[in-house]
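Please read it alongside the sequence and coordinates.

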Amino acid sequence: MAKTTPTYPDLGKLARDLFKRGYHPGIWQIDCKTLTNSGIEFFTTGFASQDNSKVSGSLQSKYKIEDQGLTLTERWNTENWLFGEIMHRDKLAQGLMLAVEAKFQPGSNEADGKFKMGYAQENFNFLADIGLNSEPILNCSLVVGHKEFLGGVGTEFDVGNTELKGLKVALGWTNETATLHGELKNGDTWLASLFYKASEKIDAGVEVTKGAGGGGGADAPEGEQQGGDVVVNLGMIYHLEEDALIRAKINNLVELGLGYEQKLREGITASISAVLDCNNFKDGNHRFGVGIALQC
């Protein structure tokens with residue numbers, strides 16, 4: 001089957017990952033992924049905050065029954081939430097995905113769930129989910145592709161109150177070396193990004209965002225808009241060699257992000273990163289992070 005059009009959440013992912021992945025300011029992080037002989041995939045992730053020493057994490061298992069097109073996923077986190085999902089893909093029709101997801105917290109007896117459906121072909125990708133509760137929210141998105149151009153729309157609809165709660169539209173253009181993406185949310189929040197693969201060793205990107213008015217302030221996450229301000233981010237990744245790379249990014253708030261990633265041996269990758277407040281280098285809110293990823 002020909003390559004399908006991406007889902008709406010995946011639009012602009014290359015530029016977004018360039019500014020997000022590999023940076024873990026203020027935390028210690030460890031990820032572990034393994035596959036058993038019986039085909040069960042386990043993924044464990046843990047975080048420790050450097051500010052308050054709070055530790056959090058999750059354990060996930062995934063099992064695929066290829067002949068039936070089924071994927072069974074279970075997950076538990078340190079807030080004592082239990083998650084489960086049954087997904088069926090491509091067997092009823094090529095490109096069709098059906099799934100049921102549920103979550104439950106034994107301590108409070110709180111529970112929720114949703115039904116998900118997707119249908120993807122070469123020139124379009126439709127995705128929808130609806131909550132299985134007394135106040136269901138319906139989320140729908142559609143992306144249409146033509147040659148190198150992409151266009152998408154996403155909605156959030158309150159079924160119980162018959163109210164449209166959110167609307168977003170996106171346009172994009174992509175080829176082998178560049179991806180251009182633009183998005184407008186609810187008429188007052190917008191984003192534009194460009195990812196460019198300058199060479200085999202250099203990836204570069206620019207991202208411009210504007211948030212809705214209000215909020216933000218000094219405690220806003222690094223690199224995010226404050227009270228409707230426009231934030232401009234510039235970033236790059238330079239591959240030093242086959243097993244190492246460096247990351248760098250800076251924005252118009254003069255926040256500088258730096259990162260280094262090294263594959264220590266097969267299945268073990270370590271990374272360090274820092275986000276520096278260059279407006280107040282002496283007493284600013286500088287944040288550092290360390291991550292280790294294990295795979296076996």
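Q: Why is Cys278 called partly exposed?
A: Its relative accessible area is 28%. Buried means under 20%, exposed over 50%, and partly exposed in between, with a 1.4 Å probe and protein chains only; Cys278 is therefore partly exposed. The model is predicted: local features need pLDDT of at least 70, side-chain atom pairs count only at pLDDT 80 or more, and totals for chains, interfaces and linings use all residues. Residues are numbered from 1 along each chain as its sequence is written, and side-chain values use heavy atoms, with hydrogens and water left out.

Q: What makes Cys296 exposed?
A: Cys296 has a relative accessible area of 65%, which is over the 50% limit, so the residue counts as exposed.

Q: How many aromatic pairs does the structure hold?
A: There are two. In one, Trp81 and Phe83 lie 6.3 Å apart centre to centre, with 35 degrees between the planes.

Q: Why is the pair of Tyr119 and Phe124 called tilted?
A: The ring centres are 5.7 Å apart and the planes meet at 50 degrees. Rings of Phe, Tyr and Trp (its six-membered ring) pair if their centres lie within 6.5 Å; planes under 30 degrees apart count as stacked, over 60 as edge-to-face and the rest as tilted. The pair of Tyr119 and Phe124 is therefore tilted.

Q: Are Tyr119 and Phe124 buried or partly exposed?
A: Tyr119 has a relative accessible area of 32% and Phe124 one of 29%, so each is partly exposed. Trp81 and Phe83, by contrast, are buried.

Q: What makes the charge of Arg75 sit over the ring of Phe83?
A: The charged end of Arg75 is 4.0 Å from the ring centre of Phe83. The term requires NZ of Lys or CZ of Arg to be within 6 Å of the ring centre and within 35 degrees of the ring normal. Lys103 likewise lies over the face of Trp81, at 5.0 Å from the ring centre.
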